Amino acid sequence: MPASPSTARAINDRVALRLLQQEGPLTAGQLKQLTGLSRPTVADLVERLTAAGLIEVVGESGEQRRGPNARLYGIVADRAHLAALDVRTEGVSVVVSDLLGRELARASVPIADDTGTGPAVEQAVTLVERAAKEAGAERLHTVGVGAPGLIDPATGELRDSSGLPEWHRRLVAALQERLPARVIVENETNLAALAEQRDGAARDRDTFVLLWLGHGTGAAVVLDGRLRRGASGGTGEIGFLPVPGTSTLPSATDCEGGFHSLAGSAAIAELAAGHGLVATAVSPGEPEAAALVRQAVATLSPPSASPSPSPSPSASSGADRFLSALADRLAIGAASVVAVLDPGCVVLGGEVGQVGGEVLAARVGERLARMSPLPVEVRASALGGGAVLRGALLTARESAQDDLFAPRSR
């Protein structure tokens with residue numbers, strides 16, 4: 001059956017808003033060309049969206065053109081303000097943006113292990129409130145939160161997980177109480193995968209696996225363009241994967257003895273020490289493993305214009321052996337994922353994957369080619385640890401736009 005006039009208007013409005021979001025400011029003529037709608041229909045929808053406060057004139061197209069036909073229309077960016085949180089065991093980072101995703105404020109706060117649940121929650125919520133104030137946001141429309149652990153697929157809430165601070169779960173409730181905003185919680189690795197697919201290393205892939213390598217380990221699975229969470233929200237808990245090379249087996253409450261024991265930051269640091277490598281983190285909160293992998297890669301591939309002397313043969317040999325041993329470990333976990341899912345592409349994510357770059361990705365790819373009959377490309381993360389915040393912001397923006405762009409009853 002053909003759509004009713006009101007339904008057709010709603011569809012046309014939604015299409016125009018998405019185009020303005022993706023392409024930036026457009027003239028009515030450009031909207032006509034991109035939508036295939038008639039000139040009167042475009043004129044009507046522009047009038048409706050302007051009256052609704054969703055779009056506005058932001059300039060003119062070309063110095064030689066004047067008048068109504070040259071007006072550039074864009075989404076009203078300050079119609080809503082958004083926040084994204086990256087919640088780690090050692091602290092919280094926040095970004096506040098407008099409806100178009102343009103960053104307006106950024107802040108972070110460390111939270112020590114011995115901080116009580118109440119004080120930790122207060123520090124995190126206060127951080128968000130201050131960032132919103134700095135951004136000039138009277139209120140936040142949507143808050144996206146990325147956190148380690150399992151997200152209950154039925155309730156969307158962070159489940160109680162052993163080994164994670166209690167303040168993580170309390171934080172979500174506190175945000176909902178203190179902020180007049182919609183709060184969306186998602187597993188940090190899942191958010192990183194969404195960001196890598198939208199803006200990073202997997203932009204040309206609709207099926208891939210992100211292997212998260214930071215303080216801990218994790219995986220995110222995207223199949224046919226859709227993030228897969230599993231029956232209990234636990235898809236990608238690769239830290240619990242039983243693997244050879246450990247002294248014990250993981251349990252339901254402890255991933256020690258699983259893949260985490262081979263590829264977590266502490267395990268990588270121990271591996272590096274065995275090869276004589278030391279390094280210093282370049283930023284607060286950076287995993288020690290990332291600093292060590294960065295140093296090893298730099299030792300093997302020093303900048304050509306660097307005035308410093310070339311590394312000694314022993315240093316190069318130690319770095320080479322370390323990266324080869326690390327690639328052996330990563331390939332074990334990746335091979336299990338490839339054998340089950342056949343994703344065609346594995347992204348080495350997180351801080352470690354990003355600093356390892358093509359050097360580490362190529363080594364893991366070589367080993368996978370020997371271990372698996374299935375073709376798979378291994379890529380380095382383009383966004384690193386920042387992918388969690390980026391993914392949380394993308395999620396918040398999409399949710400806010402779904403709400404604001406939805407047709408209203410008349």
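## Basis of the report

This is a predicted model, in which local features need pLDDT of at least 70 and side-chain atom pairs count only at pLDDT 80 or more, while totals for chains, interfaces and linings use all residues. Residues are numbered from 1 along each chain as its sequence is written, and side-chain values use heavy atoms, with hydrogens and water left out.

## Overall build

The protein chain contains 12 helices and 12 strands, where helices (H or I, at least four residues) and strands (E, at least two) are DSSP runs numbered from the N terminus. Its radius of gyration is 24 Å, close to the 22 Å that the globule rule gives for 410 residues, so the protein chain is as compact as a globular protein of that length; the radius is taken over C-alpha atoms, and the rule is 2.2 Å times the number of residues to the power 0.38. Along the principal axes, the C-alpha atoms fill a box of roughly 70 × 50 × 50 Å.

## The sheet from S3 to S7

Strands of a sheet pair through backbone hydrogen bonds, either parallel or antiparallel. An open sheet of 5 strands has the order S5-S4-S3-S6-S7, with mixed pairing; two strands count as paired if DSSP finds at least two bridges between them. Strand S5 (103-110) and strand S7 (182-187) are at the edges with a single partner strand each, so one side of each has no neighbour in the sheet. Neighbouring strands here are turned by 15° against each other on average, direction ignored.

Within this sheet, strand S3 (residues 81-88) and strand S4 (residues 91-98) pair in the antiparallel sense over 8 bridges, and Arg88 has Gly91 in S4 as its bridge partner. Helix H12 (residues 387-404) lies across S3, S4, S5, strand S6 (142-147) and S7, and runs at about 145° to S3; axes are lines fitted to C-alpha atoms, for helices over the stretch in contact, and angles run from 0 to 180 degrees between N-to-C directions.

Strand S11 (residues 345-349) pairs with S12 in the parallel sense over 4 bridges, and the bridge partner of Val347 in S12 is Arg379.

## Helix contacts

The axes of helix H4 (residues 117-134) and helix H5 (residues 166-178) come within 9 Å and cross at roughly 45°. H4 and H5 are therefore oblique to each other, given that angles under 35 degrees count as roughly parallel, over 145 as roughly antiparallel, 65 to 115 as roughly perpendicular and the rest as oblique. The contact (heavy atoms within 4.5 Å) involves residues including Ala120, Val121 and Ala124 of H4 and Trp167, Leu171 and Leu175 of H5.

For helix H9 (residues 288-300) and helix H11 (residues 350-371), the axes come within 8 Å and cross at roughly 40°, and H9 and H11 are therefore oblique to each other. Among the residues that meet are Ala289, Val293 and Val297 in H9 and Val352, Val355 and Val359 in H11.
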